[in-house]
Each structure stands twice: as C-alpha cells, then as structure tokens.
Amino acid sequence: MVNSQKIVKRKSAGYLLAKRITDVILSLIALVILSPVFLVIYLMDQFGDNKGPLFFKQTRIGLNHQPFKIYKFRSMVVGADEILHQNPELYQKYVANNYKLEPEEDPRITRLGRILRKTSLDEIPQFINIIRGDMSLVGPRPIVKDELSWYEDRVDKFLSVKPGAMGLWQASGRSNIGYPERCDVELSYVDHASYWYDWQIIFKNIISIFKSTGAY
C-alpha cells in the first residue's frame, strides 16, 4: 500500500483537480443527454427474459484497494451468477477465457443484453460511479478481486489510480486482449497518465465503440 501511495503523489495536484472537474462536468452532461436511454431500457426490462431490475451492480476493486459497486445496465437474467456456478465446466471456461464467454454460449445474457453489450450501452450508468468518485472517465478498467492475481507484485501500482469507464485497454482492443498482456496495457496508462493523454484515450475509445472492437 505504501508503494501505491508514493505513485499517487507523483501525479500533480493540478492534473488530478482538472481530471476530477472534467469527470464531473462531462458525466452530468452525459446523464442529462442520455436520460431517455434510461427510460427506454427500463421499459424494455419489464417484459420477457429481460424482466428484472434496471441496474446490475457488482463489487470491483478501486483506488488503493477500496471495493465499490459498479453500475451497468443489466444485460443478464436475474440470478446470473448462480447459473454460471451451477455449470462447473462452463465456469472453468469462463475463467480460462479471461472472465468472458462468447455471447452465443453464455446462457446468462438476454436478447436485449446482447445489444447493450455490442453497442457498449450497458456501460452508460458508470457515469453515476464517476460522479460518486468511485471511478474516472479515463483509467484502467475496474476488475473483480479474483483478477488481481494476474498483476502479482504490480497490483499496488495498478490500484494507484482511479479505475476508468474508458481506458487504454478498451482503446487497444478490449476483449481481444487477454491476460497477461492486458496487465501491461493497463499499467502503461499508469506510467503515462496526463490530462492530454486522457483526451487521446477518450477519442480512441469513441472510435472503438463505433467499430464494436472486442465488445461482447
């Protein structure tokens, strides 16, 4: 943890302040503009296999090892975790495939969920996390506790910055880049983070979203 704190201090106070102000302003604007999307998805969640709560919440590990609940539009059936664990063979495949399954073989994903994931619309509620201060617009993607083992002795460095809704990993190929290569990509951001580098990553992520690169 000490090493993590030292790394954080290397980032200038000006950069962190500008980053936080940008996070809050852009997230508020995005939530206002995208509010109709919340309503449409809520209504669609009232029928068929989509039926259930609007949000999916999962514990991720954030800045300085602090856990938080990440928000997404729910793309899976209710009780999805139980379904996965009831099939040991499928669960092992899920872990071996960097905690992902192809949409066509994942029994948890709803028809609406496939669209949300392919278009990255499921990520929109993370603007709430950003306003709350759990996340930033740009940073390494927040991961579950089990994934931290991939970072080994570099885990403190990985958790020395706020996780982001958009990051270098997504801009570089998202799910097409698995572990352990993903660790190097995410840690490269930690080494080179700056205000203007953040904006470059935002634009690269926008392009990646339109191309649906690695989105599933």
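Start by selecting Y94, which counts as buried at 16% relative accessibility (buried means under 20% relative accessible area, exposed over 50%, and partly exposed in between, with a 1.4 Å probe and protein chains only). This is a predicted model, in which local features need pLDDT of at least 70 and side-chain atom pairs count only at pLDDT 80 or more, while totals for chains, interfaces and linings use all residues. Residues are numbered from 1 along each chain as its sequence is written, and side-chain values use heavy atoms, with hydrogens and water left out.

A second case is found by selecting W169, where R182 lies over the face at 3.7 Å from the ring centre.

Next, select F38, F55, Y71 and F73, which ring pairs link into a cluster; rings of Phe, Tyr and Trp (its six-membered ring) pair if their centres lie within 6.5 Å, with planes under 30 degrees apart counted as stacked, over 60 as edge-to-face and the rest as tilted. By this rule the count comes to 11 aromatic pairs. One of them joins Y91 and Y94, a tilted pair at 5.9 Å centre to centre with 35° between the planes.

Finally, select L17, which is exposed, with a relative accessible area of 53%.

Terms used. A charge sits over a ring if NZ of Lys or CZ of Arg is within 6 Å of the ring centre and within 35 degrees of the ring normal.
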